[in-house]
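Thanks for coming. I will go through one model today, starting with surface charge and ending with backbone angles. Please look at the structure as I talk.

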Amino acid sequence: MFHLVLGVCLAMAADQCGQVLLPQGDSATAQGCRTQAAQVADAWLAARPELTGSAPECRANADLPALDLQQVARGVHVHFGDSHQMEETPDGRIANLGVIIGRDAVAVIDAGVSRAQAQDLYVAIRRITDLPVQHLILTHMHPDHVLGAQVLSEVGARITAHHALPQALQARAAGYLDALVGLYPAPDWIGTQVVMPDDLVDDRRQIDLGDRSLLLRAWPAAHTDSDLTVLDRRTNTLFTGDLLFRDLTPVVDGSLLGWLEWLDSDPARGAGLIVPGHGPASESWADASAPQTALLKALATATRRAIQDGLPLSQAVPAIANALQPMQNSWNSYPETVARNATAAYKELEWE
Ligand SMILES: [Zn+2]
């Protein structure tokens, strides 16, 4: 397959440049790609007055960068992200991303942190299948999982997410994009735009890929207020999104008590393989979830103690961090997250 790529720069800053891949320009042959290249590129740029483009080029799939995808079960592929906070990485590519290939269609689980990452994901998908990518499922609204969504939308995927995701993402979109631009060089963010889901899940939904079906479940507030899990029923592989962190310190951005309740509800019942939002896959829910459960329980205990002791937030946060110190060596990016979690826990539990 040949892909259409285009050099683009910010119209307001000609030294801020990168490369975009426009999936609408895909063709089986270089000639087919070239025939439509100018038209596809012009149409795409017309909707983005903030960008200028150079002459489009057609490149073979094998000549483009691609994410590393590992097959973890039959037809289930995962890109494992770098399990550190975005600030500690060169490109923000920290989230695990899934690709599930059915008889008739492909579903993608989470889109990565940027247009650039989603382009590399798409190139990787096209190395393993030519089937239509019909679905993008977003596990929650955090930037490392959603900001690449537009590329999959251009591929033709319908985007499905938790019913609370649009409001949560809308409120944070500008901040997420500013952070991306502030953290990384232009090739890692140029062309990135936030897109909203096409379909929302209130409770459960099934997606059919031909010979396999995916069960989507929307959960009450836990890691965030837009958490959604995906179970591939054929292989019993459960994608938890960030309801499960391994290696990377879990971030409380929804409800600590809700999250503990979720962990306590045997949510991976029947799953033979668990793919967390960050960190390695596991065949054992007990092994995979125990460290996170212990950390979140300790956070709740230390926070309740600080509140009972009458500490104001400013004194409670260091006290909670101090109480959790013995656990810090088990987790990546711990110092960046502990104060944030203590603050969130205090604000939630002071009303108990
Ligand atoms: Zn998250």
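First, a term. I call a residue buried under 20% relative accessible area, exposed over 50%, and partly exposed in between, using a 1.4 Å probe and protein chains only. The areas themselves come from the Shrake-Rupley method with a 1.4 Å probe, and for residues only the protein chains shown count as cover. This is a predicted model, in which local features need pLDDT of at least 70 and side-chain atom pairs count only at pLDDT 80 or more, while totals for chains, interfaces and linings use all residues. Residues are numbered from 1 along each chain as its sequence is written, and side-chain values use heavy atoms, with hydrogens and water left out.

At 40% relative accessibility, Glu-88 counts as partly exposed. It sits in the loop between strand 6 (76–79) and strand 7 (97–101); helices (H or I, at least four residues) and strands (E, at least two) are DSSP runs, numbered from the N terminus. Together with Asp-82, Glu-87 and Glu-336, Glu-88 forms a negative surface patch. A patch takes residues with over 30% relative accessible area and no salt bridge, joining like charges within 9 Å and nonpolar side chains (Val, Leu, Ile, Met, Phe, Trp, Tyr) within 5 Å. Asp and Glu count as negative and Lys and Arg as positive, with His and the chain ends not counted. Each charge is placed at NZ of Lys, CZ of Arg, CG of Asp or CD of Glu.

Next, salt bridges. The term means a side-chain nitrogen of Lys or Arg within 4 Å of a carboxyl oxygen of Asp or Glu. How many does the whole structure hold? The search finds 13. One of them pairs Asp-199 with Arg-158 at 2.9 Å, N to O. That pair links distant parts of the chain, 41 residues apart, with Asp-199 in strand 11 (residues 199–201) and Arg-158 in strand 10 (residues 158–162). Arg-158 is partly exposed at 41%. Another bridge joins Glu-57 and Arg-59 at 3.2 Å, N to O; Glu-57 is partly exposed at 41%, and Arg-59 is partly exposed at 25%. Arg-204 and Asp-203 also form a salt bridge, with their closest N and O atoms 4.0 Å apart. Arg-204 is partly exposed at 48%, and so is Asp-203 at 44%.

Now the annotation. In an unreviewed entry, UniProt lists residues 94–278 as "domain: Metallo-beta-lactamase"; its positions are given in the numbering used here, feature names are shortened, and annotations may be inferred rather than shown by experiment. Over residues 94–278 the chain is 29% helix and 29% strand, with the end C-alpha atoms 7 Å apart. Trp-219 lies in the loop between strand 13 (213–218) and strand 14 (228–232). Is Trp-219 buried or exposed? Trp-219 is buried, at 11%. Its C-alpha atom is 9.6 Å from that of Leu-243, 24 residues away along the chain.

Last, the backbone. Asp-110 is not a glycine, yet its phi is positive, near 75 degrees. Asp-110 is in the loop between strand 8 (106–109) and helix 2 (115–128), and counts as buried at 1%. Asp-247, also not a glycine, has a positive phi of about 70 degrees. The loop there runs between strand 15 (237–245) and helix 6 (256–264), and Asp-247 is partly exposed at 37%.
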